[in-house]
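Welcome, and thanks for taking a look at this one with us. Please open the model and keep it at hand while you read.

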Amino acid sequence: MTSVAVVGSGLAGFTAYQTLRRGLEPEQIVVLGTNADPVAAWRRRAAAIRQREMRSESDGHCLPTSFPGLALQSVWRRRSPAPLLETVTDRYHPTVAEFLEHVERRRERSRWDESFRLAHVEQVRAVDGGFELDGHGTFRHVLIAPGHPGLNMPGELRDDPRAVHAYEPHDYASTVTVVGAGLAAATEWLNALDAGAEVVSVRRREPVRRPLNVPREYLSRRGLDTFHGLGGQERIARLRSLLVPSYPPGRAWDEPLGRAAAEGRFRVGESVNGSEQVICATGFRHGFQHDPLLARLVADQGLATAEGWIVLAPDSTVPALTDEARTLALAGAPGQWAFPAADTITGAKYAAHRFLARIRSCRTR
Amino acid sequence: MSYTLTGRLHSRLTALLPVLLAALALSGTLHRWWPVELVALMAAVGVALDLQVWHRLLPYQPAWTMVPLGAVELALLMAIVVGFGLQVPLGPALALYGAGWGVAVVLALAGFPLLRLTYAEDGGELGRLGPVAAIAIGLALLGSAATYYARKPPVVHLAAGVHRGPLVITRREVLQGEPGAVVRGGIVVRHDNVEIRDVTVVGGSNGITVDGVHGTVLDGVSISGAKLDGIHVRTAGIVIRNCTIDMLGNPLGQGIDISFNMGMGMSMVDGCTIVGGMQGITTHSSMTEIVHNRVSRTSAQAISVAEMSMGTAMDNQIQDAVGVGLSCDDQSMCMFEHNTVVDTRDASGGGDRSARGFGLLASFGSEADVWDNELSANPVPIGTVTNSLIRRTRTTGW
């Protein structure tokens with residue numbers, strides 16, 4: 001009997017699938033999603049901002065273990081030990097092409113397509129001994145990885161004909177305002193400068209500079225134990241501070257921006273007035289209420305929430321719907337209550353590892 | 001990786017487990033405790049640094065820090081080894097530490113993540129394996145300590161005063177002489193692994209006789225009035241340290257005579273003072289290291305490596321020897337380095353060509369490699385007789 005389902009066929013669902021394959025055969029897992037290609041959405045967004053390198057490091061891959069990392073694979077591909085030397089100093093970042101190739105390889109080897117079913121799940125209903133997935137069957141263990149609930153456009157720019165979201169396909173006008181202060185915004189500053197544009201950066205706060213989305217100690221129990229011990233309001237405040245827009249430090253960013261500023265082609269501005277084009281590098285909508293599946297789940301089951309986050313157990317499961325016989329877990333952005341960097345590959349692995357542990361410990365799986 | 005404190009300890013101790021097993025095997029093979037002592041020290045230094053320094057200093061630890069952290073831990077380890085005077089050979093100790101460090105790196109970067117899916121997320125914690133490894137290491141070290149103490153030979157204290165000899169030792173023991181303890185009539189060692197410390201021996205056929213046994217240690221013994229040899233060793237492995245031998249008035253005896261121990265491993269004579277006798281230190285068909293000794297007033301050779309022996313003589317001081325200072329004789333292979341030989345005297349009487357007061361002599365088909373010896377005020381500083389060879393090199397040809 002198939003007892004395990006993954007709802008969502010994006011990167012978080014795909015990463016979870018790779019972990020599940022450590023203990024289960026493809027016929028024991030059902031993946032329900034709207035696209036068989038796990039990087040379809042991610043590839044479009046990366047192409048839109050002309051991303052060439054991953055922010056993640058060697059372990060930013062979909063395999064369940066951190067070793068072997070992408071750096072080791074790059075050694076063979078590039079015929080050079082440089083990736084290994086870079087990775088011991090945390091300077092190695094796989095290229096987007098390397099990452100996509102890795103996903104394609106894993107897709108084939110893990111037999112992802114054998115588990116995939118084209119389906120749009122709108123409702124997850126708790127039933128005796130599991131969850132009924134919108135007519136697609138009843139499963140004892142379900143991991144929901146719905147992805148981001150849409151792009152975030154500032155309200156005042158929604159109807160502005162000059163405005164485009166960074167993750168939508170676009171070219172660059174001769175004067176460009178970039179709204180935002182995260183990695184996408186920083187990438188767009190450089191893209192627009194490379195295209196010969198004059199660039200104005202509009203932002204509410206000075207960007208935080210850090211190598212990864214969150215400080216590294218929040219990727220392990222060192223920081224997470226304290227985080228999990230915080231009360232509701234404290235945890236909300238901590239999440240807000242951890243999830244502020246940021247981009248990595250380094251000369252690759254600072255030197256071109258410094259040169260452009262000296263030439264008068266890059267400046268920080270107060271408003272978007274005067275530019276031919278406004279690029280909104282403002283990320284994604286935040287909150288379960290923007291995702292119909294999650295919004296319905298919360299409403300139907302009366303789940304605890306906190307300002308847009310569904311309250312989760314430290315292992316990324318929904319406490320009210322998880323017991324010894326069944327598991328409901330969230331992965332990807334909706335899992336931030338358990339793991340602040342949930343919308344990264346590392347975050348997807350975190351939820352997946354614990355989901356698999358739950359399945360293994362279930363006597364009736 | 002952002003280690004939790006528990007994760008640091010789990011990872012360190014589990015990585016140490018294979019090294020400890022190797023050290024136990026090495027100790028068993030070598031019949032020496034230093035590998036286990038070293039691993040115990042590695043564990044102690046590492047855990048102390050984890051608790052007091054690394055955890056506070058490094059909320060996140062990039063992979064490259066394993067190199068400087070390993071170097072700091074090695075420096076601290078060696079400081080303790082040197083500071084406490086532990087008997088640990090430098091080269092093998094560095095090799096063991098290096099192997100342990102390499103195992104830890106490989107396990108931290110590859111082994112543990114493969115073994116445990118959540119290794120990185122758990123901050124290096126290994127679940128049940130961590131405490132099991134800690135307990136295993138604790139038990140192994142406790143077991144080693146217990147074995148060490150159980151195997152320690154009994155210590156027999158020889159009270160101050162004169163004891164009638166010959167004293168024959170027929171069991172494994174440490175004979176510890178109290179200040180003023182004297183054995184008159186000699187000591188005979190007839191059992192393996194006997195250690196004699198701080199005992200004065202007067203008279204006897206030989207001062208101390210060691211025959212056909214392994215692992216004898218003579219430390220701080222003082223010998224005088226022996227009729228034949230001061231220390232007489234046959235077919236036995238021995239370490240002689242810090243001895244004093246007075247052979248004055250005995251023109252035919254040897255201060256120390258180590259013979260026929262070629263199959264017993266390397267013997268050592270270190271830090272002894274010998275006065276008088278026909279030969280100060282002599283070896284026959286033996287492998288011996290003779291270092292830091294002072295030999296004077298001998299009547300034939302001060303130090304003699306003879307009769308197909310292989311031996312090294314280093315940093316010895318020889319004075320007033322009649323005939324020869326340093327001798328490599330009778331098809332032996334010798335390395336003489338950093339020795340000082342002064343004031344030898346000619347005893348040839350115009351006849352024996354090999355007793356012309358050589359500072360250093362190779363004779364009767366022997367080969368001597370020599371380096372940086374100080375030979376002064378000797379009738380013949382250096383020479384060969386009968387098909388022998390002297391090479392000036394600091395590396396032995398054997």
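Here is a short tour by topic, from the chain interface to a sheet, a helix pair and the domains.

The model is predicted, so please read what follows with that in mind. Between the two chains, 16 residues of chain A are in contact with 20 residues of chain B. Within chain A, you will meet an open sheet of five strands and a pair of helices, α1(A) and α12(A), that cross at roughly 45 degrees.

**Where the chains meet**

- On the side of chain A that touches chain B, α8 (221–228) and α12 (345–361) of chain A each supply at least two residues.
- The biggest share of this side comes from α8(A), which gives three residues.
- Sorted by class, the side of chain A that touches chain B holds five nonpolar, six polar and five charged residues.

**The parallel sheet of chain A**

- Follow the strands in the order β8-β14-β9-β10-β13 of chain A, and you will find that the pairing is parallel.
- At the edges stand β8 (163–165) and β13 (266–269) of chain A; each has a single partner strand, so one side of each is left without a neighbour in the sheet.
- On average, neighbouring strands of this sheet are turned by 25 degrees against each other, direction ignored.
- Inside the order, β9 (residues 175–179) and β14 (residues 277–280) of chain A pair in the parallel sense over four bridges.
- Helix α7 (residues 183–194) of chain A lies across β9, β10 (198–202), β13 and β14 of chain A, and runs at about 175 degrees to β9(A).

**A helix pair in chain A**

- The axes of α1 (residues 11–20) and α12 of chain A come within 8 Å and cross at roughly 45 degrees.
- α1(A) and α12(A) are therefore oblique to each other, and their crossing is right-handed.
- From α1(A), the contact is made by A:L11, A:A12, A:T15, A:A16, A:T19 and A:L20.
- From α12(A), the residues taking part include A:I345, A:A348, A:K349, A:H353, A:F355 and A:L356.
- By class, the contact of α1(A) with α12(A) has ten nonpolar, three polar and one charged residues.

**Domains of chain B**

- Chain B is divided into domain 1 (5–151) and domain 2 (155–392).
- The C-alpha centres of domain 1 and domain 2 of chain B lie 43 Å apart.

Key:
Residues are numbered from 1 along each chain as its sequence is written. Chains are lettered from A and ligands numbered from 1 in the order in which they are written. This is a predicted model: local features need pLDDT of at least 70, side-chain atom pairs count only at pLDDT 80 or more; totals for chains, interfaces and linings use all residues. Two residues are in contact if their C-beta atoms, placed from the backbone, lie within 7 Å. Ala, Val, Leu, Ile, Met, Phe, Trp, Tyr, Cys and Pro count as nonpolar, Asp, Glu, Lys and Arg as charged, and the others, Gly among them, as polar. Two strands pair if DSSP finds at least two bridges between them. Axes are lines fitted to C-alpha atoms, for helices over the stretch in contact, and angles run from 0 to 180 degrees between N-to-C directions. Angles under 35 degrees count as roughly parallel, over 145 as roughly antiparallel, 65 to 115 as roughly perpendicular and the rest as oblique. A crossing is left-handed if the near helix is turned anticlockwise from the far one by less than a right angle, and right-handed if clockwise. Domain bounds come from an automatic or database domain assignment.
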